[in-house]
Amino acid sequence: MKKNLGLYISIAGTILIVALPISRTAKLIILFGAFAGLLFYRRGVLYFGKANKKLQSGALDEVWVLYRKALKAGVAPNVRIAIASIFIQRGDVDEGKTILESYKNLTKGQTKELDAIVGILDSMVHWIEGDTKAALKTVREVYEAGFRDSNLLVNYTTFALVERKWKEAENLLDEADEKNIVSAGLIDNRAWLAISKNEWVEAELILTDLISKGPRFAEPYLHLAQVKIHWGLIGEAIDLLAEGLKKPFVNTSGIKAAYIQDLHDRLNDPKTRRKTAMEIDQDRLAVAAGQEIKTIDQAFEPEEGLILAGFAKRPAGRQKQKVEPEEQGPNLELTAEDLAYIEANEER
């Protein structure tokens with residue numbers, strides 16, 4: 001009822017104006033003025049809708065101008081948070097933080113659900129700023145308050161894995177399975193956990209299945225490249241890294257494009273191929289998290305081959321994964337459907 005209040009008032013107003021004992025010309029003038037007033041009143045959400053269309057087309061310079069106009073014109077708290085999320089992920093992080101603070105200072109319109117989403121966004125800001133401990137603490141607080149969704153669990157498991165809290169991450173992934181909370185980010189994190197535990201066959205099964213569904217982020221390609229390198233299959237790893245580089249990278253991406261590009265180029269060069277492959281395999285925890293890798297103080301002869309000896313032997317007779325989880329994409333970014341839903345449900 002509340003979100004349609006403007007519509008009901010407009011209909012009632014139109015009926016009253018039509019019923020007025022004045023000339024048709026006067027009625028048209030009044031109706032036009034009323035319509036213009038309604039557009040002015042709703043200009044915030046109109047700017048928001050226009051910005052969303054520009055966002056999907058990639059016209060980012062125009063996007064930020066329109067989102068700022070929407071905020072200035074006035075939009076509902078849920079829309080403010082949506083705009084903050086987009087700034088944090090794809091624009092000016094500091095501006096996104098400022099928008100979040102403006103929500104926290106509201107005297108009305110706050111809800112427990114929106115508070116939880118703000119907490120998740122705060123954790124993403126900590127993550128971008130390199131403070132994973134603060135990011136982990138923040139999502140843990142949201143989790144302990146009882147909130148659950150795939151966005152929270154992706155972030156929480158990611159930060160736990162980076163901080164090498166294996167059991168905490170595993171418990172969260174198990175909970176997601178029990179509650180049928182599915183996303184590509186959670187699936188990749190399950191494989192990341194397997195790599196951390198030296199469960200290479202399990203990681204390969206999970207990642208091969210996930211990549212067959214075309215995930216829209218680079219981490220699974222890096223993680224499967226790690227598995228291939230563990231078996232000495234350098235050519236396959238190079239191809240996977242090249243594919244990962246085609247995926248979009250945003251402020252919140254756990255693995256940066258430059259990191260993957262560096263590994264790709266060093267593996268692709270016969271002069272650095274073996275040394276790089278050995279460094280990746282020996283420092284699997286750092287690589288899985290996109291962190292700096294420990295170097296090997298040793299020189300190697302150039303190798304032209306794309307399959308290297310001296311690595312682990314790939315087990316024969318590997319079983320196929322029995323359950324193929326539905327690929328829903330990582331929940332670290334608003335989709336076109338999310339934006340359309342927010343716009344349709346904007347409340348004043």
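Buried means under 20% relative accessible area, with exposed over 50% and partly exposed in between (1.4 Å probe, protein chains only). This is a predicted model, in which local features need pLDDT of at least 70 and side-chain atom pairs count only at pLDDT 80 or more, while totals for chains, interfaces and linings use all residues. Residues are numbered from 1 along each chain as its sequence is written, and side-chain values use heavy atoms, with hydrogens and water left out.

**View 1. Buried residues of helix α14 (residues 234–244).** Helices (H or I, at least four residues) and strands (E, at least two) are DSSP runs, numbered from the N terminus. In α14 the buried residues are Ile234, Gly235, Ala237, Ile238, Leu240, Leu241 and Gly244. Their cover includes α12 (200–211), α13, α15 (257–268) and α16 (273–282), where contact means heavy atoms within 4.5 Å. The protein chain has 18 helices and zero strands, and buried residues make up 45% of its 348 residues.

**View 2. Packing of helix α5 (residues 77–90) on helix α7 (residues 112–128).** The two helices pack at an angle of about 15°, with axes 11 Å apart. Axes are lines fitted to C-alpha atoms, for helices over the stretch in contact, and angles run from 0 to 180 degrees between N-to-C directions. Angles under 35 degrees count as roughly parallel, over 145 as roughly antiparallel, 65 to 115 as roughly perpendicular and the rest as oblique; α5 and α7 are therefore roughly parallel to each other. Their crossing is left-handed, a term for a near helix turned anticlockwise from the far one by less than a right angle (right-handed if clockwise). From α5, Pro77, Asn78, Ile81, Ser85, Ile88 and Gln89 meet Leu114, Ile117, Val118, Leu121, Met124, Val125 and Ile128 of α7. By class, this contact has 10 nonpolar, three polar and no charged residues. Ala, Val, Leu, Ile, Met, Phe, Trp, Tyr, Cys and Pro count as nonpolar, Asp, Glu, Lys and Arg as charged, and the others, Gly among them, as polar.

View 3. Ala84 counts as buried because its relative accessibility is 0%. Leaving aside residues up to four places away in sequence, Ala84 touches Gly96, Ile99 and Leu100. The C-alpha atoms of Ala84 and Gly96 are separated by 4.4 Å, and the two residues lie 12 residues apart along the chain.

**View 4. Crossing of α7 and helix α9 (residues 150–162).** The axes come within 10 Å and cross at roughly 35°. This crossing is left-handed. Ile120, Ser123, Met124 and Trp127 of α7 make the contact with Leu152, Asn155, Thr158, Phe159 and Val162 of α9. The contact divides into six nonpolar, three polar and no charged residues.

**View 5. Packing of helix α11 (residues 184–196) on α13.** The angle is about 30° and the axes are 10 Å apart, and α11 and α13 are therefore roughly parallel to each other. The crossing of α11 and α13 is left-handed. Asp188, Trp192 and Ile195 in α11 meet Glu219, Pro220, His223, Gln226 and Val227 in α13. The contact residues are four nonpolar, two polar and two charged.

**View 6. Model confidence along the protein chain, given as pLDDT (the predictor's confidence in each residue, from 0 to 100).** The chain averages a pLDDT of 82, and 78% of the residues score at least 70. Confidence is lowest in helix α1 (residues 5–19), at a mean of 42, and highest in helix α13 (residues 219–230), at 98. Over residues 25–41 pLDDT stays under 50, and the model has 13 contacts beyond four places in sequence for them.
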